[in-house]
Amino acid sequence: MRRRSLLTGAAATAAAAGSAAVVSGCGSSAGAGVPTLDFLSLAWQEESVKTNKALVAQWNDQHPEVQVRYVQGSWDDVHDQLLTSFEGGTAPDIIHDEGNDLTDFGSGGYLADLAPLLPAATRGRIPSAVWDMARVGGGLYGVPFLQEPRVLIANRTLLAKAGIGLPDAAKPWTWQEFEDIAKELSHTGGGSAERYGIAWPMSSPVSVTLNLALTTGGRILYRKDDGRTEVRLEQADSAFAELVRRQVGADRSAPATALGMSGGDALPGFFAGRYAMLPLNLSYRQQIQQQAPAHFDWVTLPLPVGAGAPDGGRAQGVSPQTLSVSKDCGHKASAAAFIDFMTRTDHLVELARGDWMAPTGTDALRDPSITTDKLGWNTGMSVAAHLVASPALGRRGYPEWSDKVATPALQQFFSGGIGLDTLRKKLVRDGNRVFDRYRT
């Protein structure tokens with residue numbers, strides 16, 4: 001869910017400037033006078049920032065008794081900066097972050113338990129399975145409000161020339177069909193005609209591999225009966241990773257050079273026709289809409305599904321964006337009321353449109369403005385209806401396993417540097433040693 005790789009230019013500058021505010025920002029006290037709550041927002045796209053600021057202004061007009069101050073943050077290093085501000089007693093009152101961070105911050109005692117603070121109306125807007133993505137150790141430490149699935153963004157012209165029919169959310173390709181089509185679209189051997197059916201930007205390979213392992217019936221990270229985490233890499237767990245390696249190595253339908261890229265890095269090659277399809281998070285549609293050359297015809301397709309997997313292979317893992325309240329906030333009830341305001345159905349839709357993502361609310365997901373066929377919205381909302389909790393959520397030790405074990409091992413595997421047995425040994429043997437140190 002993190003959007004670090006997308007920060008460029010003015011957005012990066014603004015976010016970097018805002019990052020300082022995270023460290024120097026100070027949560028409200030319970031003293032006299034009209035309280036002002038600091039709201040750390042990680043919105044970065046112009047449309048999204050504008051929406052968030054407009055909602056804050058609307059709140060302030062309607063609630064003179066408690067004001068909210070918009071504080072711009074950055075996805076780049078929000079975890080470390082929040083940790084510093086928590087330790088220093090300068091944390092913002094209301095925090096925009098993502099589900100993965102709730103494990104450390106919730107269990108670390110930095111966030112308020114929202115269960116007794118949120119009104120029933122807030123609870124009723126969002127499905128219970130989504131609320132489970134924000135629970136840690138019996139506490140509820142965030143309100144999940146935005147999420148996004150992976151989709152395929154395809155060059156419609158290239159697929160049409162090849163006579164390839166487009167799938168839809170009701171009948172997506174299977175992974176096997178996708179693999180065959182990617183080979184059919186590929187023309188390798190060098191020269192200007194060289195083209196790959198797909199490119200896999202894997203600069204951050206772990207969350208992608210975990211979340212898409214669900215499409216083949218795997219999950220890699222499992223919860224044992226005693227609550228501890230166990231790493232496994234059986235056939236269903238490794239099927240997605242093996243497909244990527246096969247496309248890069250044996251099929252040559254995906255370029256090895258794209259493995260180290262972010263999604264944004266791969267866009268110029270996509271626009272140039274070097275890649276016929278890209279697997280990207282749903283929000284990338286905005287960049288494509290803004291940056292694609294004139295007359296470039298693109299289409300949003302559902303991600304392929306694993307035959308025989310639960311939910312027809314449509315389930316993907318996700319770590320949703322969340323709104324939380326600092327444990328040190330002096331006006332927790334007011335902060336929870338602001339979160340309730342931000343997550344009203346109409347406001348969820350505004351925020352989703354601003355970020356080109358999917359809202360978590362049941363009614364918001366049905367809003368006509370985001371279920372239109374234009375710009376892939378309807379496909380995105382259909383795929384989002386099958387999102388489930390990422391296998392990474394609630395796993396203490398995940399950041400260390402991801403950074404020190406899984407990332408280098410998967411990068412070596414995808415590039416052909418190691419085989420499946422060695423990948424299994426690294427992920428499972430080395431990984432379980434890491435998670436065993438985080439027993440709860």
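Visitor: How are α9 and α16 oriented to each other?

Guide: Angles under 35 degrees count as roughly parallel, over 145 as roughly antiparallel, 65 to 115 as roughly perpendicular and the rest as oblique. In this predicted model, α9 and helix α16 (residues 398-414) pack at an angle of about 85°, with their axes 8 Å apart, and the two are therefore roughly perpendicular to each other. The axes are lines fitted to C-alpha atoms, for helices over the stretch in contact, and the angles run from 0 to 180 degrees between N-to-C directions. Helices (H or I, at least four residues) and strands (E, at least two) are DSSP runs, numbered from the N terminus.

Visitor: Which residues of α9 and α16 make the contact?

Guide: With contact taken as heavy atoms within 4.5 Å, α9 contributes P205, V206, S207, T209 and L210, while α16 contributes Y398, W401, S402, A406, T407, L410, Q411 and F414. By class, this contact has eight nonpolar, five polar and no charged residues, where Ala, Val, Leu, Ile, Met, Phe, Trp, Tyr, Cys and Pro count as nonpolar, Asp, Glu, Lys and Arg as charged, and the others, Gly among them, as polar.

Visitor: Where does L214 lie, and is L214 buried or exposed?

Guide: Buried means under 20% relative accessible area, exposed over 50%, and partly exposed in between, with a 1.4 Å probe and protein chains only. L214 sits in the loop between α9 (205-213) and β9 (221-223), and its relative accessible area of 11% makes L214 buried. Leaving aside residues up to four places away in sequence, L214 touches R219, A309, A315, Q316, G317, V388, A389 and P391.

Visitor: How should I read a sheet, and in what order do the six strands of the open sheet come?

Guide: Two strands pair if DSSP finds at least two bridges between them. Here the order is β2-β1-β3-β14-β6-β15, with mixed pairing, and the edge strands, each pairing on one side only, are β2 (67-72) and β15 (358-359). Strand β1 (residues 36-41) runs parallel to β2 and is joined to it by six bridges, with S41 opposite Q72. Helix α2 (residues 46-62) lies across β1 and β2, running at about 165° to β2.

Visitor: How many residues of β11 are buried, and with which sense does β7 pair with β11?

Guide: In strand β11 (residues 275-281), seven of its seven residues are buried. Strand β7 (residues 150-155) pairs with β11 in the antiparallel sense over five bridges, V151 having L280 as its bridge partner, whereas strand β8 (residues 196-198) runs parallel to β11 and is joined to it by two bridges, with I198 partnered by M277.

Visitor: What is the phi of W356, and what is that of L375?

Guide: Most residues other than glycine have a negative phi. Phi of W356 is near 60°, a positive value, and phi of L375 is near 55°, also positive.

Visitor: What is the mean pLDDT of the protein?

Guide: The predictor's confidence in each residue, pLDDT, runs from 0 to 100; its mean is 92, and 92% of the residues reach 70 or more. Over residues 1-26 the pLDDT is below 50, although this stretch has 63 contacts in the model beyond near neighbours in sequence. Local features need pLDDT of at least 70 and side-chain atom pairs count only at pLDDT 80 or more, while totals for chains, interfaces and linings use all residues. Residues are numbered from 1 along each chain as its sequence is written, and side-chain values use heavy atoms, with hydrogens and water left out.
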